[in-house]
Amino acid sequence: VGRIVVVASLCLVASCAPATPDPVECGVSRTIDAAPEARGTFDVGVRTWELTYTPPAATAPRTIRVYAWYPTRDTDRGTITYVGTFADEASLLDATPADPVDGCAYPVFAFSHGYQGYAGGSAFLMKHLASHGWVAIGVDHTGNTLVDNVEPLPTAHYIARPRDISEALDAIDALPDSDPLS
């Protein structure tokens with residue numbers, strides 16, 4: 001008997017700043033004319049941090065690792081390592097985010113890894129999107145990654161997974177205006 005694994009991804013597209021209501025006018029949208037299989041015009045930066053929140057009806061806080069891949073013009077920064085093991089020399093750790101083109105906001109893609117996965121396991125897709133002018137957000141779902149899987153998974157974990165993504169998006173949204181990813 002085989003096991004069925006479902007991988008869920010959520011894609012959210014941020015609209016342009018209120019002063020520019022037509023998304024076609026945003027420079028980032030023009031990347032749609034590029035061949036989707038080709039690498040985009042940006043280099044890729046990545047930022048990571050831990051985020052702690054308390055899920056509804058939970059008695060203890062939950063800590064997750066959040067990753068944000070984003071467009072950059074930098075060419076030299078540190079290397080990131082996913083789940084303490086897999087180095088990604090193609091993403092520039094803590095690189096300076098490129099300014100959004102034409103004053104518009106970058107579109108955002110939110111990613112949820114599969115069973116026993118980790119956010120960096122799909123870094124190839126996150127980097128591809130960032131090279132085309134997207135901000136890609138991913139999280140390591142604590143308790144169900146390659147390195148910390150709990151068996152059997154408690155029911156609360158399935159409730160926490162979508163909340164992990166929501167909390168990560170809220171954290172990006174709450175960045176101060178002085179942060180280039182805000």
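User: Which residues does Asp94 touch, not counting residues up to four places away in sequence?
Analyst: This is a predicted model. Asp94 sits in the loop between strand 5 (86–93) and strand 6 (108–112). Leaving out residues up to four places away in sequence, Asp94 touches Val46, Arg47, Tyr70 and Arg77.

User: Is Asp94 buried, partly exposed or exposed?
Analyst: Buried means under 20% relative accessible area and exposed means over 50%. The relative accessible area of Asp94 is 44%, so Asp94 is partly exposed.

User: With which residue does Asp179 form a salt bridge?
Analyst: The structure holds six salt bridges. In the one formed by Asp179, the closest N and O atoms are 2.9 Å apart, and the partner is Arg47. The pair links distant parts of the chain, 132 residues apart: Asp179 lies in the segment after helix 2 and Arg47 in strand 2 (residues 43–53). Both Asp179 and Arg47 are buried.

User: How far apart are the closest N and O atoms of Glu50 and Arg65?
Analyst: Glu50 is exposed, with a relative accessible area of 54%, while Arg65 is partly exposed at 28%. The two form a salt bridge, and their closest N and O atoms are separated by 3.8 Å.

User: What separates Glu167 and Arg163 in helix 2?
Analyst: Glu167 and Arg163 form a salt bridge, with the closest N and O atoms 3.0 Å apart. Because they are four residues apart in helix 2, the separation is about one helical turn.

Methods:
Residues numbered from 1 in each chain as written. Predicted model: local features only at pLDDT ≥ 70, side-chain atom pairs only at ≥ 80, totals over all residues. Heavy atoms only, no water. Helix = DSSP H or I, 4+ residues; strand = E, 2+ residues; numbered from the N terminus. Buried < 20%, exposed > 50% of the residue type's maximum accessible area, 1.4 Å probe, protein only. Contact = heavy atoms within 4.5 Å. Salt bridge = Lys/Arg side-chain N within 4 Å of Asp/Glu carboxyl O.
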